[in-house]
Amino acid sequence: MLTKRIIPCLDVKDGRTVKGVNFVNLRDAGDAVELGAMYAAQGADELVYLDITATVDGRSTFIDLVRRVAHTINIPFTVGGGISSIADVSALLHAGADKVSINSAAVRNPDLINELSLEFGSQCIVVAIDTRFVPTENGHEHIVHTHGGRKPTEIRSIPWAKEVEDRGAGEILLTSMDTDGTKNGFALELTATISGNANIPVIASGGAGNMEHFYDVFTAGKADAGLAASIFHFREIDIPDLKEYLKNKDLPIRMTR
Amino acid sequence: MKTVIIKYNAGNVQSVMYALDRIGASYLYTDDEAEIRSADKVIFPGVGEASTTMSYLRSVGLDKVIPSLKQPVFGTCIGMQLMCRFSEENNTECMGIFDVDVKRFPATPGMKVPHMGWNNISNYKTPLTDGLPDNAYMYFVHSYAAPVCAYTVASCDYALPFSAMLHKDNFYAAQFHCEISGNAGQQILENFLKI
């Protein structure tokens, strides 16, 4: 049976993880390769590396990191952050990334989704949607945001999710800026709407605070995968415990031990 | 031992090379017929679309080379599909090593296509799964699949049962990506190199 995926997300700046300081067993918790390898060994189903470096030097450091991650870990991983062209994607896939995630560039130029999926195949093109529930002329609506969730657009998130699928995205990484960082749980209703409409997998992100939140997002939220960062980095939830918990609640989960 | 990875216009080959590096196996990445024929083991990996990859293989003659190989050959993902007779993906005539047609997953409520993620394989009948636990999880990404047939040596379920692995004579194939399927996937690659 196809399993629900647990995905730790690592923010990387200048080749090092920004969060992730609470691992006593690691020689260097800032080493993005070592941290990823540890998550893989713990049973993470996939990894996401987000490059939050803005500089050109940082970009080449990131590609070098992608190469080292691909060489070291034996599970799939997605890379994102600042990707805006076919050349960017080609370099990252060639370095060994399994998928790339695009966000602002897709909003700026939606045709990029079509171009990338034709060039590289839908399976490796993830469109990240950062969304926030804000007042509009129609009351309140879910609106796509860019630039790390800071900049609002004119785009409604629910039809946008359908559009990115129609344009060839292979997967959606949906982050609710309303729940992100709150630890009060994922945005269940919005995730269920988008995932229920979609014929491609949806990764839910933003708001995970405890193990039950993952159960909720896989059931009421209809998500195919759940992503979180700091609760894993700070060991508030251990991945083996989380997978055991979900398995015991009869969800399809890949057990590795 | 000489292992060759067949070079053609498919993606994701880098991951296969890294996986072989991790198990300490050396390899040559080439489309040269003489090099391929002299190899002890041949790996035919890749991610891609059936008609584009198949017309490339035809243009360089690999569509004739691959079915005539005598040493163990291991095709994965699109490699496996191209070793079948025909693919519904843009109605493509393939190499016909396995006498079975690759079909698109039928539209089924609640079953998204592509089939993407970790799914378990079962009913093993191949040395490639030696040492694996029952129902080992493998990483799949595909929209087309070969139904269960006479050559099926491991199966998987998604909307319906399909062939996770095929075997006929010296030809082996897997629909999933062993190179990123954790320790279980690595075991399969090691087993292939030990045949």
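## Terms and basis of the model

Two strands are said to pair if DSSP finds at least two bridges between them, and the strands themselves (E, at least two residues), like the helices (H or I, at least four residues), are DSSP runs numbered from the N terminus. The structure is a predicted model, in which local features need pLDDT of at least 70 and side-chain atom pairs count only at pLDDT 80 or more, while totals for chains, interfaces and linings use all residues. Residues are numbered from 1 along each chain as its sequence is written, and chains are lettered from A and ligands numbered from 1 in the order in which they are written.

## The sheet of chain B

In chain B, β11(B) and strand β12 (residues 160-168) pair in the antiparallel sense over six bridges, and within β12(B) the bridge partner of Tyr158(B) is Leu160(B). Both strands belong to an open sheet of seven strands with mixed pairing, ordered β2-β1-β3-β4-β13-β12-β11. Because β2 (28-30) and β11 (152-158) of chain B each have a single partner strand, they stand at the edges, and one side of each is left without a neighbour in the sheet. Neighbouring strands of this sheet are turned against each other by 25° on average, direction ignored, where the axes are lines fitted to C-alpha atoms.

## Chain A as a whole

Chain A contains 10 helices and 11 strands, and its C-alpha trace spans about 50 × 45 × 35 Å along the principal axes. For 257 residues a compact globule would have a radius of gyration near 18 Å, and the 17 Å of chain A agrees with this; the radius is taken over C-alpha atoms, and the globule rule is 2.2 Å times the number of residues to the power 0.38.

Buried residues make up 52% of the 257 residues in chain A, a residue being buried if 20 or more other C-beta atoms, placed from the backbone, lie within 10 Å of its own, exposed if 12 or fewer do, and partly exposed in between. Thr193(A), in helix α7 (residues 188-197) of chain A, counts as partly exposed because it has 17 C-beta neighbours inside 10 Å. The C-alpha atoms of Thr193(A) and Ile158(A) are separated by 7.6 Å, although the two residues are 35 apart along the chain.

## Where the chains meet

Across the interface, 25 residues of chain A are in contact with 29 residues of chain B, contact meaning that the C-beta atoms, placed from the backbone, lie within 7 Å. On the side of chain A that touches chain B, α2 (56-72) and α3 (86-95) each supply at least two residues.

Conventions
Contact = placed C-beta atoms within 7 Å. Axes fitted to C-alpha atoms, helices over the stretch in contact; angles between N-to-C directions.
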